[in-house]
Amino acid sequence: MASQARYDTQPLYYNGQRQTTSETFQTINPATGESLGNVCKANQQSVHLAVQSAKEAFPKWSTTPPIERSRILLKAVALLRARNDDIARTETHDTGKAYSETSVVDVVTGADVLEYYANLIASGGLNGETTQLRPDAWVYTTKAPLGVCAGIGAWNYPIQIALWKSAPCLAAGNCMVYKPSEFTPLHALTLAEIYAEAGVPPGVFNVVQGAGDVGAMLTSHPDVAKVSFTGQVSTGGKVAGAAAAGMKYVTMELGGKSPCIILPDAPLENAVDGAMMANFYSTGQVCTNGTRVFVPRSMLSSFETRLLEKLRNIRSGDLFDPDTNFGPLVSRVHHEKVLKYIRHGITQDRARLIAGGPEPPVLPAGISSRGFWVQPTVFSDCTDNMKITTDEIFGPVLCILPYDDNSADWQTTLLRRANATKLGLAAGVFTRDLDAAHRFIAGLEAGITWINTWGESPAEMSVGGWKLSGLGVENGRRGLENWVQNKSTLVEMGGSVATAFVEPTTAKGPQSKL
């Protein structure tokens, strides 16, 4: 049971060893509101020591042949998969997500990414290019690791995001100092020690714990070459700005307010299933959520009816019961934020509430009401300027935006509405007409898009946001490029230097000119 969980004090980890500090903070079980245990908080000195540990490990790790790094990382993959269930239990305690989800998604997809990059570097993924300029001259490029990199994780997919960052970082030959979210820190030490057991040398992967001030110490440290951050847009802007001041590389995976577009010919069942996956999976705490669901007015009644029927399949309860598929929100502060948006949707936006609301959900017997539980909530007849349709709520709040499809330019109007946001993380289209789907996808201003599905992000798929939703990409072949710097070399085979500085001619006529 989630209520019985208790963990030993979690130390920092650097130089291949557990490290303690005098100051600690608590991590809270979202299902009960009770403490899971204490976590050592990093200070300026421990952050510096962690960075120095990575800096000292970098020369050896960066020159380790890619095939050897690959073998080590593949051992870590095997360990992650062997310990999947134990790690998933910790993730459930720490995040409040149902074990039916964490046991088949969180560790699995993180390990997939580590395996992908381990295999990629073993098969020439770090090779450069060669270009023949002329018979006696050519250019070749090489890729070099950046150095010490900072990874700042998020609380919704802790172990997965830690692996999304560390896998390409370590595969490319860099070293990492990783700071998990202070709300979900319990995975970090486990990952560090799995890397060590697999053969990753001391100092290559390090962990510092704490809140935003610790992240700021990492971002501003002069020996950090890159910062990879996942989180909300406002924080990401500050992190990117601080990193830019030191000319550091950055990868930013930020928030979204993504459109989920149901075209008039879409099969009703598929459309409703897609909208539910895009809003209620992980209790709606997913950055790519399709929270703005555009539904043709002609389908609105049948869509709402079927949606309400399928909402009965959402089940809160004991997080380790296989039938439970909906957990609490991650923290008290986030719970209050989501409820505030729901109340605003009712009282200020005056959207039509058709399911859920701010009242506490009815929980099965034996489930603590002190947890951060919320009802899956659906608003309909929403408009583009309502606060619940413009702001990222990051909770299980679905907004239905009806549209008319009986005018000559309805598709243009729908695309304009879908793109009317400063964010551009994800988008999706549901339709039987694949030609129409591709036209809509081409016009949508988002970096991650789906057709007739929602949410899957395999290791092979590069993902990243447009507009204020991020910088750079994670995963896929392009994801590795974000962890290296390129060097171009021009080779003159003939041994003669092309120059404009030549001796003047002694012949009659014009002199040579530069």
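The charged end of Lys226 sits over the ring of Trp483, 3.7 Å from the ring centre. Lys97 does likewise with Tyr157: Lys97 lies over the ring face, at 3.4 Å from the centre. A charge sits over a ring here if NZ of Lys or CZ of Arg is within 6 Å of the ring centre and within 35 degrees of the ring normal.

Two remarks on the source. This is a predicted model, in which local features need pLDDT of at least 70 and side-chain atom pairs count only at pLDDT 80 or more, while totals for chains, interfaces and linings use all residues. Residues are numbered from 1 along each chain as its sequence is written, and side-chain values use heavy atoms, with hydrogens and water left out.

Now the aromatic pairs. The structure holds eight of them. Rings of Phe, Tyr and Trp (its six-membered ring) pair if their centres lie within 6.5 Å; planes under 30 degrees apart count as stacked, over 60 as edge-to-face and the rest as tilted. The pair of Tyr99 and Phe320 is tilted, because the planes stand at 35°, with the ring centres 5.6 Å apart. Tyr99 belongs to helix H4 (residues 99-122), and Phe320 to the loop between helix H10 (300-310) and helix H11 (332-347), so this pair ties together parts that are 221 residues apart in sequence. Helices (H or I, at least four residues) and strands (E, at least two) are DSSP runs, numbered from the N terminus.

Are these two residues buried or exposed? Tyr99 counts as buried, at 18% relative accessibility, and Phe320 is partly exposed, at 22%. Buried means under 20% relative accessible area, exposed over 50%, and partly exposed in between, with a 1.4 Å probe and protein chains only.

Next, Tyr178 and Phe205. Their ring centres are 6.0 Å apart and the planes are at 25°, so this pair is stacked. Tyr178 is in strand S8 (residues 175-179) and Phe205 in strand S9 (residues 205-207), so the pair ties together parts 27 residues apart in sequence. Tyr178 is buried at 0%, and Phe205 is buried at 3%. With Tyr195, these two residues form one aromatic cluster.

Tyr195 brings us to the cores. A nonpolar core is a set of buried Ala, Val, Leu, Ile, Met, Phe, Trp, Tyr and Cys residues joined through side-chain atoms within 4.5 Å. The largest one has 107 residues, and Leu170, Tyr195, Ile262 and Phe303 have the most contacts inside it. H4 supplies its largest share, nine residues.

Contact means heavy atoms within 4.5 Å. Another core, of 32 residues, lies apart from the largest one and includes Cys399 and Tyr403.

In domain 1, 29 residues are in contact with 29 residues of domain 2.

Last, Glu253. The UniProt annotation "active site", from an unreviewed entry, covers this residue; such annotations may be inferred rather than shown by experiment, feature names are shortened, and positions are in the numbering used here. Glu253 lies in strand S11 (residues 249-253) and counts as buried at 12%. Leaving aside neighbours within four places in sequence, Glu253 is in contact with residues including Phe229, Cys287, Leu425 and Glu474.
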